[in-house]
Amino acid sequence: MDLFTMNMENNLKKNAPLAERMRPKVLEDFIGQKHILGKDKFLYRSIKADRLSSMIFYGPPGTGKTTLAMVIAKSTKMNFEKLSAVSAGIKDIREVVDKAKEYLKLYSKRTILFIDEIHRFNKTQQDALLPYVERGIIILIGATTENPYFEVNKALLSRCQIITIEKLSKAELREILMRALKDKEKGLGMFNVDIAEDAVDYLVEISEGDGRIALNSLELGVLTTPKDDKGIINIDLEVIKDCIQVKQAKYDKGGDEHYNTISAFIKSMRGSDPNAALYWLAKMIYAGEDPKFIARRIIICASEDVGNADPNALTVALSAFRAVETVGMPEGKIPLAQAAVYVACAPKSNAAFSGILKALDDVKNKRIGEVPDYLKDANYKGASDFNHGIGYKYPHDYENSFVEQDYLPPGLKEAKYYEPTENGYEKVIKERLSKLFDKYK
């Protein structure tokens, strides 16, 4: 490294964001992830024993995935190489593999290859790693914020252990912030900072388990606040709020958080909790989810989970969809909220949904019955020659517009797919069917 490059590297380290400067170097300084790094946990034991296998760190941003990989590198006797999937290609992978082979030949040293944002590698790039991971030439450590079961090839997944990295707890975030405020070498200890307790509480709360956001927001507050007459930098709640600006909802419309949030929304409506339904709806609206997608899910829930316990729920849901199409956003949130609350508060029955599943199962797994002749179409010339329609009893010709008649194929006459509940309007349906059919009594 020449003098100019060394000077550039020193400047980069000196002026790096606080979150970068405060990265721990050793395992004992790492904060968080006790479920895998506690002294009796497997990853801690693996690192200390220098017996690592390929793994993928999966978790939200700012939780220490990259830091943990760097700590592992310093804690083992292995060679360490790092690539970013954003900029690296197959050529870069091959260069690392060649270097790994040399280390193995000359020094009997294995190589850890850390790939940040591994989900950004395409199938060809991921496939290029397979033979070297398989043979143990490299130990792969990947980091991703996306669900690896969706984003990483199955062949590569089968050769790696998935390590879930959790959001930092409030206590852990507070510990990280306090450490940064005290550290005079890498942190903010050279500044005389007095931070209000409610400002710390707010920063911890709003950062949502993301250490990078917490540290860099704190640094921005310290660097942009003038000292008072006594040389003290006073950080209050308003300063921190100004540094955070707009809270970002952790939400990827094409990824894991998208599916998790819509799942929570649907289950809240199904579970008759309007408050939870509104919360998850608000999160999706705030994050910019397609309002028509939300409306479609409300329609499905209205039919699947409310069903005939309140037939009006489907009407309300369909009306909300049309309203969103008509008025757009942001006003579309009003009919979405109305429909979500209606569906959540409505009596529930999945009897119709369960019924179609049972019927489909019979159609799929049993011999499909013939339509009885008297139910076949008789509205064409010559139909009577085939006995089509002969013997059909027209219900409106009978009292209460009902007459006993078999409508199912032979062999399925006693099948019962729809079993109405006692909930809401479905109780009325059940009472009527029990009067008409023996099977409902």
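This is a predicted model: local features need pLDDT of at least 70, side-chain atom pairs count only at pLDDT 80 or more; totals for chains, interfaces and linings use all residues.

Me: Why is Gly389 called partly exposed?
Reply: Its relative accessible area is 24%. Buried would require under 20% and exposed over 50%, so Gly389 falls in between and is partly exposed. Gly389 is placed in the loop between α19 (351-365) and α20 (426-436).

Me: What makes Glu28 and Lys48 a salt bridge?
Reply: The closest N and O atoms of Glu28 and Lys48 are 3.0 Å apart. The cut-off is within 4 Å, so the pair qualifies as a salt bridge. Glu28 belongs to the loop between α2 (18-21) and α3 (34-37) and Lys48 to helix α4 (residues 42-48), so parts 20 residues apart in sequence are tied together.

Me: How do you know that Lys105 and Glu102 form a salt bridge?
Reply: For Lys105 and Glu102 the closest N and O atoms are 3.9 Å apart; the limit is within 4 Å, so this pair also counts as a salt bridge. Both residues lie in helix α6 (residues 90-107), 3 residues apart, about one turn of the helix.

Me: Why is Lys105 called exposed?
Reply: Lys105 has a relative accessible area of 63%, and exposed means over 50%, so the label applies.

Conventions. Residues are numbered from 1 along each chain as its sequence is written. Side-chain values use heavy atoms; hydrogens and water are left out. Helices (H or I, at least four residues) and strands (E, at least two) are DSSP runs, numbered from the N terminus. Buried means under 20% relative accessible area, exposed over 50%, partly exposed in between (1.4 Å probe, protein chains only). A salt bridge is a side-chain nitrogen of Lys or Arg within 4 Å of a carboxyl oxygen of Asp or Glu.
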